[in-house]
Amino acid sequence: MGHGMSEQKTPSQNTVRAICALGLVKGLPPEVATHVASLARVDVLPDGAGVFTQGAVAQRAYAVLVGAVRIRQIGSDGAQALMRMIAPGEMFGTVALFTEGYYPADAETAMSSHIASWSKADFIALTMNFPQIAINIIGMVGQRLANVQNRLREMATQSAEQRIAHALLMLVEQSGAVQAEVCEICIPLRRRDVAELAGTTLYTASRQLAAWEKVGLLARSRQMLVVRDANRLRRIAQGGLL
């Protein structure tokens with residue numbers, strides 16, 4: 001973990017409730033969910049703290065309780081790509097525990113964050129003792145794979161404007177505001193983040209975001225981006241006109 005870490009040995013009641021709300025324990029009796037929470041270590045990390053690094057031996061599984069995490073992969077040529085933003089309630093770093101055993105990307109906090117984690121031994125034991133946890137993990141991995149397939153299709157068939165709209169809509173969904181017309185994306189976003197998620201240049205993403213802000217489709221609130229007309233953004237993502 002990065003510098004500035006503050007570790008909680010015993011999760012607070014609020015932390016236990018947050019862990020019990022994770023998709024990891026969906027469908028489990030409350031006493032089992034509480035047991036899962038009791039095994040967690042919770043770290044309070046500042047903005048920009050490293051959680052794990054690409055190529056490191058996978059030793060823990062993680063979940064964001066408060067805040068956000070960037071998952072960034074570095075290619076053999078040194079180029080970096082933002083693979084995903086992790087929002088509150090989402091797991092990350094779990095697949096490596098069951099596969100080749102090395103984290104495939106860097107994980108870094110995008111803001112001050114509370115990160116829950118479980119040791120590899122505890123996490124594997126939980127999946128063996130409670131099959132529903134394994135089923136939940138498979139469901140989460142399946143959803144991530146579907147998202148990757150969608151991004152590949154978008155890269156091959158859609159314009160940069162459509163891909164930027166899709167990237168913002170994905171972040172809206174992660175913020176839990178799928179049905180809302182006006183919603184604040186709960187993850188601090190840099191223009192570079194949007195560009196990398198959409199597979200376009202910083203110049204193109206900056207120009208498009210500025211244009212949408214000018215016509216009132218987007219707005220800034222503190223460090224967060226607010227989508228003021230989600231249906232309009234969906235029409236753009238589908239190839240419609242602004």
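Me: Two strands count as paired if DSSP finds at least two bridges between them; with that in mind, what is the order of the strands in the open sheet of four strands?
Reply: In this predicted model, the open sheet is built from four strands with antiparallel pairing. Its edge strands, each pairing on one side only, are β3 (50–52) and β6 (80–86), and the twist averages 30° from one strand to the next. Reading across the sheet, the order is β3-β8-β5-β6.

Me: In β8, which residue is the bridge partner of R70?
Reply: Strand β5, covering residues 69–74, and strand β8, covering residues 106–109, pair in the antiparallel sense over four bridges. Within β8, the bridge partner of R70 is E108.

Me: Which helix packs on this sheet, touching β5 and β6?
Reply: The helix spans residues 191–198, and its direction makes about 100° with that of β6. The helix that touches both β5 and β6 is α6.

Me: Are the residues M224, L225, V226 and V227 of strand β12 buried or exposed?
Reply: M224 and V226 point one way from the strand, whereas L225 and V227 point the other way. Buried means under 20% relative accessible area, and on both sides of β12 these residues are buried.

Conventions:
Residues are numbered from 1 along each chain as its sequence is written. This is a predicted model: local features need pLDDT of at least 70, side-chain atom pairs count only at pLDDT 80 or more; totals for chains, interfaces and linings use all residues. Side-chain values use heavy atoms; hydrogens and water are left out. Buried means under 20% relative accessible area, exposed over 50%, partly exposed in between (1.4 Å probe, protein chains only). Helices (H or I, at least four residues) and strands (E, at least two) are DSSP runs, numbered from the N terminus. Two strands pair if DSSP finds at least two bridges between them. Axes are lines fitted to C-alpha atoms, for helices over the stretch in contact, and angles run from 0 to 180 degrees between N-to-C directions. Contact means heavy atoms within 4.5 Å.
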